[in-house]
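Please read the points below with the structure open beside you, and check each one as you go.

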Amino acid sequence: MEAALGWLGEIFKYLLSFIPRPLIARTTQGGVKWIKGKKVKEIKPGFGFYWPFTTSYEIIAVVRQGMVIKPKGLATRDLTNVSMGFTMVFRISNVVKALTEVDNIFETIDEAGQTAAPGIVAASSDRELVDQMVVESPDSDEEDESEDSNTQPLSLLDKKMTEATQRILKDFGVEMIWCKVNEFSIPNQTLKHIGEMVRIGQ
């Protein structure tokens, strides 16, 4: 009896796949529909329908969002072992590329950060890295401009990380807004949030 009911349930589910179903994407979202497995159509915010029998879809957040990369052991130019963690803030600028060029765009963003960091750290000594994490004190005009933007004061190291990750992700529909070091440690000393320091009188 249970087997018969299960069989009937599968038939009912199959018949339902011929009925169009509602699809809603919020203003913070975007997505893609795959029609017959090969035709790609962008899903924009709003209300629509899709046909389950021939269509699959995926919706993701496309607005500003962040990802924290946990501290990882790296080697500097002078072969000092250091640990560095950072935060990446980004938005999805092209949802079609983000969902069709890679299997998982958020894993790809994580990989981009972890791929960029070793080369940047290896190009400098530990002392140089500490110097590069200091944020220069902006003048009043720069402060006014920053209030109207999505950015914040960045150190030289932050800018290098931002540029490196953007180069990796540019073909995958991701805009890197900024990448900021949030933890840096060297033997016997841990410096947290050095990116917030402001150089005064130098």
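1. Glu58, Asp103, Glu107 and Glu111 together form a negative surface patch. Such patches are made of residues with over 30% relative accessible area and no salt bridge, with like charges joined within 9 Å and nonpolar side chains (Val, Leu, Ile, Met, Phe, Trp, Tyr) within 5 Å. Lys and Arg count as positive and Asp and Glu as negative, while His and the chain ends are not counted, and a charge is placed at NZ of Lys, CZ of Arg, CG of Asp or CD of Glu. Glu58 sits in strand β5, residues 55-61, and is partly exposed at 36% relative accessibility.

2. This is a predicted model, in which local features need pLDDT of at least 70 and side-chain atom pairs count only at pLDDT 80 or more, whereas totals for chains, interfaces and linings use all residues. Residues are numbered from 1 along each chain as its sequence is written, and side-chain values use heavy atoms, with hydrogens and water left out.

3. A positive surface patch is made up of Lys36, Lys38, Lys39 and Lys41. Lys36 belongs to the loop between β2 (29-35) and β3 (39-43), and Lys36 is exposed, with a relative accessible area of 65%; Lys39, in strand β3, is also exposed, at 53%. Here buried means under 20% relative accessible area, exposed over 50%, and partly exposed in between (1.4 Å probe, protein chains only); the areas come from the Shrake-Rupley method, and for residues only the protein chains shown count as cover. Helices (H or I, at least four residues) and strands (E, at least two) are DSSP runs, numbered from the N terminus.

4. Phe18, Trp51 and Phe53 make a nonpolar surface patch of about 290 Å². Phe53 lies in the loop between β4 (46-50) and β5 and is partly exposed, with a relative accessible area of 39%.

5. How many salt bridges are there? The count comes to four, a salt bridge being a side-chain nitrogen of Lys or Arg within 4 Å of a carboxyl oxygen of Asp or Glu. One of them joins Arg77 and Glu128 (3.0 Å, N to O); Arg77 lies in the loop between β6 (65-75) and β7 (81-92) and Glu128 in helix α4 (residues 126-132), so this pair ties together parts that are 51 residues apart in sequence.

6. Another salt bridge links Lys180 with Asp158, their closest N and O atoms being 3.3 Å apart, and both residues are buried.

Conventions:
Areas by Shrake-Rupley, 256 points an atom, 1.4 Å probe, with all protein chains shown as cover.
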